[in-house]
Amino acid sequence: MQRRVGNVVKRASTESVWLGLHNFCSMNMWIWLNGEVVCYQNWAPGNGTAPEDCGLEWRKGAMESGGDHHWISLPESRKLNFICTN
């Protein structure tokens with residue numbers, strides 16, 4: 001799945017693409033928008049594993065469009081392309 005998504009996002013017009021990950025700050029836990037807990041992880045160093053600072057803005061998970069397509073934590077106000085699945 002990670003490789004398939006990486007092949008799609010490398011054509012994105014933004015440096016990262018929203019994945020549908022939401023940080024549940026009070027528990028320092030990442031969940032998918034459908035409520036499932038994240039099992040597989042591909043976080044870039046310094047992202048997603050330490051407690052997030054959600055005091056000013058909620059954090060969401062995105063995938064880098066280039067490189068190794070690591071996941072990164074960003075403020076939800078960022079304007080990025082997104083990827084959907086059905």
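Are tryptophan 43 and tryptophan 71 buried or exposed? Both of them are buried, where buried means under 20% relative accessible area, exposed over 50% and partly exposed in between, with a 1.4 Å probe and protein chains only.

Before you click around, know that this is a predicted model, where local features need pLDDT of at least 70 and side-chain atom pairs count only at pLDDT 80 or more, while totals for chains, interfaces and linings use all residues. Residues are numbered from 1 along each chain as its sequence is written, and side-chain values use heavy atoms, leaving out hydrogens and water.

Start by colouring by pLDDT, the predictor's confidence in each residue from 0 to 100. The protein chain averages 86, and 98% of the residues score at least 70.

Next, select Trp30, Trp32, Tyr40, Trp43 and Trp71: together they form one aromatic cluster. Rings of Phe, Tyr and Trp (its six-membered ring) pair if their centres lie within 6.5 Å; planes under 30 degrees apart count as stacked, over 60 as edge-to-face and the rest as tilted. That rule gives four aromatic pairs.

Zoom in on tryptophan 32 and tryptophan 71: the ring centres are 5.9 Å apart and the planes sit at 75°, so this pair is edge-to-face. Tryptophan 32 is partly exposed at 26% relative accessible area, while tryptophan 71 is buried at 3%.
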